[in-house]
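Let's take a walk through this chain together, one region at a time. Have the viewer open and follow along as we go.

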Amino acid sequence: MATILDYLDWRGDLSLHQDPFNEVDNLLLSELGYLNFTDIVPPPGQGGEITVADAAAAFFHGMTPGEKIEMGVLVPDAIPRMFHQMSCSPRFREMRLSGYVDWLDEEKGEQFAALTIETGDGAIYVSFRGTDDTLAGWKEDFALACKPQVPAQKKAVDYLCTMAKQHPRRKIRVGGHSKGGNLAVYSGVFCPRNVQRRILDLWSNDGPGFHEEILELPQHQRVADRIHTIVPKSSVVGMLLEHEERFTVVDSDQLGLLQHDGFSWQVMGNHFCTLREMTARAQESNSELREWVLGLSVQKREAFVDALFTVLEATGASTLTDLREERLKSVVAMVKAMKDLDKDTREGLLQLMQILFKGNLRMVLEGIQEETEKTVRGWGFKKRNEE
């Protein structure tokens, strides 16, 4: 099956006038937001722009061909390769980048980054970065389950308004992957009406949902028909909290939590390969996780998030890569920090880890069974043809 990288090879020669903007283009531009464009793409307010081709030339300057760029533990290493392919593609190379911002406050547990792409069809795409390799970013991700608003969401609204003003005659698409998908929808819901009227689409690519009261607000109802929620068949991140009733389930060549990687999503032509519903095991796991989260008071949820990151930060790490590279030291520090927690908090954290581990194991086993059945069916088809 094909992925977004194959899409670039097959359809990258078609302009948006030949083949209009689609859901696969959306994922590519949301993944682009994970790259570090400091000193390459002008920040908001400066008014400058740079083409994808020129930005890639600056980004890869001085690197040897094939040199690996580490993106972190959970951010796909395929993103730089994707960017290089886009820079050579007639569909993407003349798109113009502007408004790059990258904010990180480790002390407060805040992470926010965004990028705006002028697509060449009379619109801009505002791309919000998802959770990166930083512990601060992951802490804010967990805080989505606790608070009505996290700092990144407020920054997303401000950023969308700024870029709408900077591109006054453009229609607007907004999107992101993971937390970036949540920020995309949130900014579209809470931006002023004059900006809402210019929005064509709001894309959440396996992004966490919202507390139910947000879905009932009139601001949300005004843009609900333009929200596109895309999740893989074994989604966990994207089904956390509540979503609009309408969402698209895509096939993936990965198992369990690894399906969160957009590079595993299966593509056919100019669209994703879709399924009628999520797998039974994913639905079961999501139900358990959601019940656990919503069964706690807001104060309890905040206490668990603080406790979890107290344990992680006890290692001295600031990124997931740090935790991986200092594995033995990290484990010792985390075990000691867990012992220092009160009994209820410690047991609650262990229960959360058990739900996540058990759910992922179930989905992996279900995926293995599914792949085995496909192989067996394939053998049967081959045998019938031979006869």
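Leaving aside residues up to four places away in sequence, which residues does Thr-3 touch? Before we get to the partners, a word of orientation: what you see is a predicted model. Thr-3 sits in the segment before α1. Its contacts, with those sequence neighbors not counted, are Asp-253, Phe-263, Trp-265, Gln-266 and Val-267. Is Thr-3 buried or exposed? Thr-3 has a relative accessible area of 12%, and because the cut-off for buried is under 20%, Thr-3 counts as buried.

With that starting point in place, step back to the whole chain. It has 15 helices and eleven strands, and buried residues account for 53% of its 387 residues. If you take the contacts between residues at least 6 apart in sequence, 74% of them join residues at least 24 apart. The accessible surface comes to about 18,500 Å², and carbon and sulfur atoms contribute 53% of that area.

Now move on to a pair of helices. Two packed helices are described by the angle between their axes and the distance between the axes. For α1 (residues 4-11) and α4 (residues 79-88), the axes come within 10 Å and cross at roughly 10°. That angle makes α1 roughly parallel to α4, because angles under 35 degrees count as roughly parallel. On the α1 side, the meeting residues are Ile-4, Leu-5, Leu-8 and Asp-9, while α4 brings Arg-81, Met-82, Gln-85 and Met-86.

Finally, look at the loop between α3 and α4, where you will find Gly-66. Gly-66 has a relative accessible area of 80%, so it is exposed. How far is the C-alpha atom of Gly-66 from that of Arg-81? The two C-alpha atoms are separated by 8.9 Å, with the residues 15 apart along the chain. You have already met Arg-81, as one of the α4 residues in the contact with α1.

Technical notes. Residues numbered from 1 in each chain as written. Predicted model: local features only at pLDDT ≥ 70, side-chain atom pairs only at ≥ 80, totals over all residues. Heavy atoms only, no water. Axes fitted to C-alpha atoms, helices over the stretch in contact; angles between N-to-C directions. Helix = DSSP H or I, 4+ residues; strand = E, 2+ residues; numbered from the N terminus. Parallel < 35°, antiparallel > 145°, perpendicular 65-115°, else oblique. Contact = heavy atoms within 4.5 Å. Buried < 20%, exposed > 50% of the residue type's maximum accessible area, 1.4 Å probe, protein only. Areas by Shrake-Rupley, 256 points an atom, 1.4 Å probe, with all protein chains shown as cover.
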